[in-house]
Amino acid sequence: MNLSLHNFSEKEYKKDTKFRKKHYKKCNNPNRFIYELIGSGIGTSIKIKCPICKKEKDLTDIDNW
């Protein structure tokens, strides 16, 4: 059973992991991030935000739409 709102593609997963590791070290973030999912007629746009430094990154893999 799949209970997630969105399944990451390989590209999205790699971008997400890189962002989280960077902010774990830089901001001393204990793995607390904010995800924004925006649905459109053709796919889902995904952004991640670090609540400590407020930096965000678009993780969307439009090749997966």
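Which residue in β2 is the bridge partner of E36? Select E36 and look across: the partner is K47. Before moving on, note that this is a predicted model, where local features need pLDDT of at least 70, side-chain atom pairs count only at pLDDT 80 or more, and totals for chains, interfaces and linings use all residues. Residues are numbered from 1 along each chain as its sequence is written, and side-chain values use heavy atoms, leaving out hydrogens and water.

Now select 34–39, which is strand β1, and 44–49, which is β2; helices (H or I, at least four residues) and strands (E, at least two) are DSSP runs numbered from the N terminus. β1 and β2 run antiparallel, with six bridges; strands pair if DSSP finds at least two bridges between them. The three make an open sheet, ordered β1-β2-β3.

Next, show 10–26, helix α1. The helix packs on the sheet and touches β1, β2 and β3 (contact means heavy atoms within 4.5 Å).

Time for rings: the whole structure has two aromatic pairs. Rings of Phe, Tyr and Trp (its six-membered ring) pair if their centres lie within 6.5 Å; planes under 30 degrees apart are stacked, over 60 edge-to-face, the rest tilted. Pick F8 and Y35: their centres are 6.3 Å apart and their planes at 50°, so this pair is tilted. Then pick F19 and F33, with centres 6.0 Å apart and planes at 65°, so they are edge-to-face. Both F19 and F33 are buried (under 20% relative accessible area; exposed is over 50%, partly exposed in between, with a 1.4 Å probe and protein chains only).

Key
Axes fitted to C-alpha atoms, helices over the stretch in contact; angles between N-to-C directions.
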